[in-house]
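The tour goes from one selection to the next and says what is found at each stop.

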Amino acid sequence: LSLNELPLSECLKKLDHDSAGGGALVLIAGYLGKAQLSHWLTKDLEALKAQHQRDLEAYKISLIAEAERAKASQEVRKAMAVRIAEKKFAALDVLHRALDPQAMQLLSLIQLAPTLDRLDVAQRSGKLAEKCGEFSAAARMAAPFLPIEEAKFLSDYASSIAQILVRLGSDQLDTGPESLALHVKQVMGTQIAADKIVRAHLDAMLAMT
């Protein structure tokens, strides 16, 4: 029967019944909506947490990799520093041994030259020139580890000794008392300055140990 065919009281009861059912449906629909929304939010939250965990692990791995790279780089720099220090010490040691006898041997020959024949002087000058060549080569090897002005000073000293020996061997060097005193002053003064340069660098390296 339609509402038009029912008594008024029955119509009101039916409307009340239908309204209650509709409200229940609305409540059920609202509950299901909230449950679905909660489910979606939970899934999104879990996905977000999982992504965050993956990002965190990736970041940890990148930090470890960066630390390893820094450590490896530091080890390489340390090894290179040790190798360079070894080469520097070896070069300075050779330079020191080549430099040490230069002045005394040269001045001794100049002083002895007037008592020797010309051929003997030339031969002895040639032998000292070879040792001077060793000193010059040692100065070149040590040059990368020295300030430019110090390397130039040592090179000039080697050149000055070579020039004196050439003049002495060719009998063109004055070996009289006054000239000898001048040679002693010039050569010994330069030798002392050169020796101070080398010893200062050796002492600095020994202070690092």
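Are Phe 135 and Tyr 157 buried or exposed? Select the two: both Phe 135 and Tyr 157 are buried, where buried means under 20% relative accessible area, exposed over 50% and partly exposed in between, with a 1.4 Å probe and protein chains only.

Before going on, note that this is a predicted model, in which local features need pLDDT of at least 70, side-chain atom pairs count only at pLDDT 80 or more, and totals for chains, interfaces and linings use all residues. Residues are numbered from 1 along each chain as its sequence is written, and side-chain values use heavy atoms, with hydrogens and water left out.

**The whole chain**

Show the chain as a cartoon. It holds 5 helices and 0 strands; these are DSSP runs numbered from the N terminus, helices being H or I of at least four residues and strands E of at least two. From the N terminus on, the order is α-α-α-α-α. Of the 209 residues in the chain, 21% are buried.

**The aromatic pair**

Return to Phe 135 and Tyr 157. The structure holds 1 aromatic pair, and these two residues form it, edge-to-face, at 5.7 Å centre to centre with 70 degrees between the planes. Rings of Phe, Tyr and Trp (its six-membered ring) pair if their centres lie within 6.5 Å; planes under 30 degrees apart count as stacked, over 60 as edge-to-face and the rest as tilted. Phe 135 lies in helix H3 (residues 118-142) and Tyr 157 in helix H4, so the pair ties together parts that are 22 residues apart in sequence.

**H4 against H5**

Select residues 148-169 and 177-207. These are helices H4 and H5, whose axes come within 10 Å and cross at roughly 145 degrees. Axes are lines fitted to C-alpha atoms, for helices over the stretch in contact, and angles run from 0 to 180 degrees between N-to-C directions. Residues that make the contact (heavy atoms within 4.5 Å) include Phe 153, Leu 154 and Tyr 157 of H4 and Val 187, Ala 194 and Ile 197 of H5.

**Ile 161**

Stay in helix H4 and pick Ile 161. Ile 161 counts as buried because its relative accessibility is 2%. Leaving out residues up to four places away in sequence, Ile 161 touches Gln 102, Leu 106 and Cys 132. Draw a distance from Ile 161 to Cys 132: their C-alpha atoms are separated by 7.1 Å, although the two are 29 residues apart along the chain.

**Asp 171**

Move to the loop between H4 and H5, where Asp 171 is found. Its phi is near 60 degrees, a positive value in a residue other than glycine. With 53% relative accessibility, Asp 171 counts as exposed.

**His 96**

Which residues does His 96 touch, not counting residues up to four places away in sequence? Select His 96 in helix H1 (residues 8-99); the residues it touches are Asp 195, Val 198, Arg 199 and Leu 202. At 18% relative accessibility, His 96 counts as buried.
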